[in-house]
Amino acid sequence: MKPFLPSLLPTLRSSTRRRRGFLAAVVLAAAGMSLPQLPAIAQSGPWSAEQWVGTWGAAPAGPPLVAQTQSFSNQTLRLIVHTSIGGPRVRIRISNELGTTPLRIGEAHVARRQAGAAIVDGSDRPLTFSGMRSIVIPPGAPVLSDPVDLDVPALSDLAVSLHLPDTVQATTIHGSAFQTNYVSLPGNFTNAATLPTERTITSWPFLTEVDVNTPANAAIVALGDSITDGSNTTIDTNRRWPDLLALRLQTTRELVSAPNGIATLLAPNARLGVVNRGIGGNRLLRDPGEQPLFGRAALARFDRDVLATAGVRYLIVLIGINDIGHPGTGTIPASEAVTAQDLIAGYRQLIARAHAKGIAIYGATLTPFEGTVFPGYYTLEKEQVRQAVNNWIRSGDEFDGVIDFERAVRDPAHPTRMLPAYDSGDHLHPNDLGMQAMANAIPLDLFRSVAFGTGTSTGTGTGVAGPGSKGATGKTGTAAPAVPAAAQPALR
């Protein structure tokens with residue numbers, strides 16, 4: 001028998017109080033409507049043609065404990081990333097934000113990945129930084145590469161090669177990539193068709209974002225913990241729920257009637273990138289405590305991991321289960337226990353900060369964790385906090401929309417537990433099938449109707465949700481009125 005698959009669509013609620021004066025972008029609702037268009041870009045300033053959107057990203061943490069710290073000496077890293085959206089130009093972001101000494105990049109290249117550590121013939125592109133092939137990144141800083149022409153397909157693999165000529169420690173790193181990456185023998189092999197590999201790693205040192213330059217596109221950021229990061233999913237298969245959401249956005253076809261009356265099958269959400277900012281062990285309210293690779297609190301890393309993402313227009317928040325479960329486990333004191341009101345106050349800060357920058361923010365319910373194998377992580381009191389938080393997310397009418405991940409993966413016969421078919425085995429993290437159920441529970445309508453606020457534009461994307469305004473008319477899939485192009489602000 002096939003496992004039960006909930007088919008619940010998350011709820012979008014309208015609020016008269018929070019929809020005053022809002023404008024909305026076009027949404028596909030019924031045959032006969034014109035093809036939906038993302039808002040026009042304000043064509044002013046020297047950067048008006050540069051419309052960068054994140055196609056991949058990882059949230060850095062660190063510096064690691066001494067026993068966990070990776071070192072490289074005159075070696076080339078070949079880091080594999082899976083794109084969500086495509087484009088004709090590309091740039092990368094390298095981070096030394098958690099380092100305490102300068103980081104020298106001797107040379108960097110980007111190419112399409114063939115297989116393993118091999119790249120597609122003719123696709124290799126050298127990168128520069130402020131016009132230079134080499135750059136020294138100060139402690140605490142990131143750098144963006146200069147753009148380079150490269151046809152980047154959606155849902156494809158890129159190989160980013162970084163030569164580290166000095167002996168360096170990976171103090172800024174995403175520790176759990178669930179992706180095989182490659183470390184070379186000594187030397188600069190950034191342009192090698194096949195990397196001479198000394199060892200493999202399953203982390204992403206220093207690399208935190210890949211952007212594509214393409215008009216009328218925007219990014220969705222997934223902010224979360226290990227469930228968003230992809231813990232316990234199959235390595236090298238991109239089965240994290242943000243990856244599977246990106247797959248849905250690119251492949252879901254709908255019958256659209258164009259102005260000429262000819263119906264065409266299109267993927268109306270294919271212009272949206274998805275950037276995964278999940279970190280295993282991460283908490284909303286507190287820094288990592290015993291494990292630096294758990295990352296700074298989501299409230300502390302919000303500007304770096306959300307607001308700094310190119311083209312960010314939407315934010316999905318799934319975080320808080322570690323705030324509930326961690327206290328009283330390992331070396332994390334029970335005194336760090338949280339109440340539902342503590343978490344709600346934190347969510348309200350995320351909402352206010354997202355709305356201040358014109359980003360629509362969707363709250364996701366916390367998934368079941370009864371029976372988890374981690375000692376002390378689950379108690380009846382902690383379960384009561386989780387349920388109170390979920391009740392507030394569903395009924396509080398403060399997020400711009402609700403994604404009910406709990407209902408998507410819970411066992412209908414035992415709702416405080418995960419459905420066995422979706423359980424990775426630790427009764428906390430979904431398996432590949434559970435990740436698919438989560439991705440399926442996200443209605444794509446959330447990303448088509450965007451209310452416009454009064455914030456100023458910074459020109460990094462293509463349209464924004466207004467602060468405090470709903471991203472739809474209050475019903476999933478309901479159309480919103482069209483907005484004349486002249487009235488549409490550029491995306492911040």
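Trainee: How much accessible surface does the chain have, and what share belongs to carbon and sulfur atoms?
Mentor: The accessible surface comes to about 18,200 Å², and 55% of that belongs to carbon and sulfur atoms. Such areas come from the Shrake-Rupley method with a 1.4 Å probe; for residues, only the protein chains shown count as cover. Some ground rules: this is a predicted model, where local features need pLDDT of at least 70, side-chain atom pairs count only at pLDDT 80 or more, and totals for chains, interfaces and linings use all residues. Residues are numbered from 1 along each chain as its sequence is written, and side-chain values use heavy atoms, with hydrogens and water left out.

Trainee: What makes Trp 56 and Trp 204 an edge-to-face pair?
Mentor: Rings of Phe, Tyr and Trp (its six-membered ring) pair if their centres lie within 6.5 Å; planes under 30 degrees apart are stacked, over 60 edge-to-face, the rest tilted. By this rule there are eleven aromatic pairs. Trp 56 and Trp 204 are one of them, at 5.0 Å centre to centre and 75° between the planes. Trp 56 lies in strand β2 and Trp 204 in strand β16, so the pair ties together parts 148 residues apart in sequence. Strands (E, at least two residues) and helices (H or I, at least four) are DSSP runs, numbered from the N terminus.

Trainee: How do you know that His 82 and Asp 157 make a polar contact?
Mentor: A polar contact is a pair of N or O atoms within 3.5 Å; within protein, one must be able to donate a hydrogen and the other to accept it, and residues adjacent in sequence count only if both atoms are side-chain atoms. The side chains of His 82 and Asp 157 are joined at 2.8 Å. The side chain of His 82 also reaches the backbone oxygen of Ser 156, at 3.5 Å. His 82 itself lies in strand β3.

Trainee: Why is helix α2 said to be largely enclosed?
Mentor: Nine of its eleven residues are buried, so the rest of the structure largely encloses α2. Among the buried ones are Trp 241, Leu 245 and Arg 248. Their cover includes β18, β21 and β22.

Trainee: What makes β18 and β21 a pair?
Mentor: Two strands pair if DSSP finds at least two bridges between them. β18 and β21 have seven, in the parallel sense.

Trainee: Which order do the strands of the open sheet of five follow, and which are its edge strands?
Mentor: The order is β21-β18-β22-β23-β24, with parallel pairing. The edge strands are β21 and β24, since each pairs on one side only.

Trainee: How do you know that β25 and β26 pair?
Mentor: They share two bridges, in the antiparallel sense. Asp 411 stands opposite His 414 in β26. A hairpin joins β25 to β26 through two residues.

Definitions and conventions
Buried means under 20% relative accessible area, exposed over 50%, partly exposed in between (1.4 Å probe, protein chains only). Contact means heavy atoms within 4.5 Å.
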